[in-house]
Amino acid sequence: MSERKKGHVHHGKSTKGVLNPDKVLTIAGLKSGDIFLDAGCGDGYISFAASTIVGDKGKVYAMDVYPESIENVKQEAQEKGIENLEAKIVDLTDKIPLNDDSIDLCIMANVLHGFVENDETVDVMKEISRVIKPEGIFAVVEFKKMEGIPGPPMDIRLATQDVEDILAQYGFEPVSASEVGPYHYLVKGINKKEN
């Protein structure tokens, strides 16, 4: 990794219009009864789709560092009567307020590139690994590393291989890389940590 300047602020526009949450969650492998973490949930559109899939026996944790995002998610969940979703203001580079080995599937959509750019990957990935169960799934959605499409600046975009390398470095075995929209891909890893 080359030395980069710090300070990428990840709080851009929602990708709700260009990324189908049901397709993302299906490819990631979310199922009824799962305990799900939306790490860096933004406006929560993936969390809301997940709450329908996991159902009454499942649970959705929507976490983001931005208080206004979490307030909006909480308000929408209340308006829709969604009871299996818990939204929290969380700095993912610090401690994620969940027990060890408590998450079946975690999605991080359009966020990892910011942690890489700000040299925060180690802290974030240690926490993600801690909360995901052994054999649990970590799915990373990122913008394709292509010119001429929406998303972050080219120099901070991650190629699928970059994401696979990061996952492997923290005990996740990359099992697939899939296109999930015109501008996005998803890399899926299985947590191979020891019990």
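Reply: This is a predicted model. Start with helix H5, which is mostly covered: of its 11 residues, 8 are buried. Those buried residues are Thr121, Val124, Met125, Glu127, Ile128, Ser129, Arg130 and Val131.

Ser129 lies in H5, which spans residues 121-131. Its relative accessibility is 13%, so Ser129 counts as buried, the cut-off being under 20%. Leaving aside residues up to four places away in sequence, Ser129 touches Tyr170, Phe172, Asn191 and Lys193.

Asp119 sits between helix H4 (112-117) and H5. Asp119 is exposed, at 63% relative accessible area. Its backbone deserves a look: phi of Asp119 is near 60°, a positive value in a residue other than glycine. Most residues other than glycine have a negative phi.

A further loop holds another such case. Asp101 lies between strand S3 (85-89) and strand S4 (103-109). Asp101 is not a glycine, yet its phi is positive, about 50°. The relative accessibility of Asp101 is 35%, so it counts as partly exposed.

To recap: Ser129 is buried, Asp101 is partly exposed, and Asp119 is exposed.

Notes: Residues are numbered from 1 along each chain as its sequence is written. This is a predicted model: local features need pLDDT of at least 70, side-chain atom pairs count only at pLDDT 80 or more; totals for chains, interfaces and linings use all residues. Side-chain values use heavy atoms; hydrogens and water are left out. Helices (H or I, at least four residues) and strands (E, at least two) are DSSP runs, numbered from the N terminus. Buried means under 20% relative accessible area, exposed over 50%, partly exposed in between (1.4 Å probe, protein chains only). Contact means heavy atoms within 4.5 Å.
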